[in-house]
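Open the structure in your viewer and keep the selection tool ready.

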Amino acid sequence: MKKNIAELFLKETKDQILADKFNQITDPKLKYIIAMTPRSGSSYLYDLIKQSHLLGTPDEYLNHQFIPEILKNVPANNADDYLKNMLKNSQSSV
């Protein structure tokens with residue numbers, strides 16, 4: 001059964017320590033989105049960007065199939081929290 005994005009966030013964040021950790025991370029100064037169609041080279045582009053260590057760690061963070069697994073390590077009670085914390089989690093240290 002396919003869920004809509006909002007349904008993925010119905011559970012409360014269980015790990016308050018993890019949530020507090022993410023609240024202490026500063027927001028990235030620059031943000032970008034890569035929007036590509038399937039089978040168009042996105043994985044190759046992501047790998048090149050990751051290897052540069054300059055533009056964070058892009059991935060398929062908005063793919064509804066991956067969100068439940070990502071939520072195990074990134075706290076979020078709603079889509080806004082998810083996007084905010086994914087940006088924090090995937091930013092470069094440079």
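The tour below goes from a helix to a loop and then to a pocket.

Keep in mind that this is a predicted model.

**Stop one: Leu18**

Select Leu18. Its place is in helix 1, residues 16–24. Is Leu18 buried or exposed? Leu18 has a relative accessible area of 18%, so it counts as buried, the cut-off being under 20%. Now show what touches it. Beyond the neighbours within four places in sequence, Leu18 is in contact with Asn73, Val74 and Pro75. Pick Pro75 from that group. Leu18 and Pro75 stand 57 residues apart in sequence, yet their C-alpha atoms are 6.8 Å apart in space.

**Stop two: Asn63**

Move to Asn63. This residue sits in the loop that runs between helix 2 (42–52) and helix 3 (67–70). Asn63 is buried too, with a relative accessible area of 18%. A polar atom of the Asn63 side chain lies 2.9 Å from the backbone nitrogen of Gln65.

**Stop three: the largest pocket**

The largest pocket holds about 1,000 Å³ of space. Helix 2 and helix 4 (79–89) are the elements that give two or more residues to the lining. Helix 4 provides the largest share, four residues. Finish by colouring the lining by class: 19 residues are nonpolar, 11 polar and six charged.

Key
Residues numbered from 1 in each chain as written. Predicted model: local features only at pLDDT ≥ 70, side-chain atom pairs only at ≥ 80, totals over all residues. Heavy atoms only, no water. Buried < 20%, exposed > 50% of the residue type's maximum accessible area, 1.4 Å probe, protein only. Polar contact = N/O pair within 3.5 Å; in protein donor to acceptor, adjacent residues only side chain to side chain. 1 Å grid on protein atoms, 1.4 Å probe; cavity = no way out; pocket = protein on both sides within 12 Å on 5 of 7 lines; lining within 4 Å. Points joined across faces, edges and corners; volume = space filled by probe spheres on them. Nonpolar A, V, L, I, M, F, W, Y, C, P; charged D, E, K, R; others polar. Contact = heavy atoms within 4.5 Å.
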